[in-house]
Each structure stands twice: as C-alpha cells, then as structure tokens.
Amino acid sequence: MSIYSILIILGSGLVTWLPRVIPFLLVRKLQLPEVVIRFLSYVPICILTALFVENLFIIKQGEFPSFNFEYCLAAVPTIIVAVLTRNLMWVVIAGMSSMALIRYFII
C-alpha cells in the first residue's frame, strides 16, 4: 500500500470523525434549553423509524412502491419482541433470527 493510499484513508477517517465530534465539543460547556433537549430526544427514534420503514418497501422508478414481503414478515415478530421486552439486544436477535428463518424456509 502506498503512502498516498494511507493518507487518503486517514483523511477520509478524519473528515468522517470531525463532524461527529465537533458538535459535542461545542455544546459540552453550554446549557441547552429544556425545549431543545426534549426536541433532540426524539431524533434517534425518528431516524431509526425512517430507516426501518424505508426497508419495508421496494421502490422502482415510475412505479408505486410495493412491500418487501421478507422484511414485512420479519418485522412482525421483531416488533412484538420490541414491545414486550424493550431491550435492543433481544430486538436485534429477534430480527436477525426471523430474517434467517424466512430466508432459509421461503427462498
């Protein structure tokens, strides 16, 4: 591997890392208003929901989105486990297990 490649990898890492760290460094000493803190508390769940729902559909140019049968089927037990346990580890295990079983038996 050449020096150029190593510098590109390190530079890419730095460019990826800085935007994630700088906001924490800037806000660390500030006391944010309660409204802002409440607003920001909803951001992670909104992002995860958007990513989750996006994967439930198959999108093709010029066509109405259709459901991805595998993902929708795997989402049912995963959501049930999420509601019952409220434990991220069990939700991930349920989702991965559901998807593995669906792909093994259906496809």
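User: What should I know before I start?

Analyst: The model is predicted: local features need pLDDT of at least 70, side-chain atom pairs count only at pLDDT 80 or more, and totals for chains, interfaces and linings use all residues. Residues are numbered from 1 along each chain as its sequence is written, and side-chain values use heavy atoms, with hydrogens and water left out.

User: How do I check the length of a helix, and what span should H1 have?

Analyst: Helices are DSSP runs of H or I with at least four residues, strands are runs of E with at least two, and both are numbered from the N terminus. The expected span is 1.5 Å times one less than the number of residues. Helix H1 covers residues 3–27, so its 25 residues should span 36 Å. Its end C-alpha atoms are 36 Å apart, which agrees. For H4, 17 residues should span 24 Å, and the end C-alpha atoms are 25 Å apart, which also agrees.

User: Where does H1 bend?

Analyst: A bend at a residue is the angle between axes fitted to the seven residues ending there and the seven starting there. H1 bends by about 35 degrees at Leu18, and the proline Pro19 follows within four residues. H4 has a kink of about 25 degrees at Ala75, shortly before the proline Pro77.

User: Which residues of H4 are buried?

Analyst: Buried means under 20% relative accessible area, exposed means over 50%, and partly exposed lies in between (1.4 Å probe, protein chains only). The buried residues of H4 are Glu70, Ala74, Ala75 and Thr78. Glu70 counts as buried because its relative accessible area is 15%.

User: Why might residues along a helix point the same way?

Analyst: An α-helix has 3.6 residues a turn, so residues three or four places apart point the same way.

User: How many disulfides are there?

Analyst: A disulfide is a covalent bond between the sulfur atoms of two cysteines. Here the test is a pair of cysteine sulfur atoms within 2.5 Å. By this rule the count is 0. Cys46 is partly exposed, at 48% relative accessibility. Cys72 is partly exposed too, at 22%. The C-alpha atoms of Cys72 and Asn55 are separated by 8.8 Å. Asn55 sits in the loop between H3 and strand E1 (57–58), and is partly exposed at 43%.

User: What is the phi of Arg86?

Analyst: Most residues other than glycine have a negative phi. Arg86 has a positive value, near 55 degrees. It lies in the loop between H4 and H5. Arg86 counts as exposed because its relative accessible area is 72%.

User: How much space lies in the largest pocket?

Analyst: On a 1 Å grid over the protein atoms alone, a pocket is an open set of points where a 1.4 Å probe fits, with protein on both sides within 12 Å along at least five of seven lines; lining residues have an atom within 4 Å of a point. Grid points are joined across faces, edges and corners, and volume is the space filled by probe spheres set on the points. The largest pocket holds about 840 Å³. Of its 23 lining residues, Leu48, Phe52, Thr78, Leu88 and Val91 are the closest to the centre. Helices H3 (43–54), H4 (69–85) and H5 (88–105) each give two or more residues to the lining.

User: Is Val91 buried or exposed?

Analyst: Val91, in helix H5, counts as buried at 18% relative accessibility.
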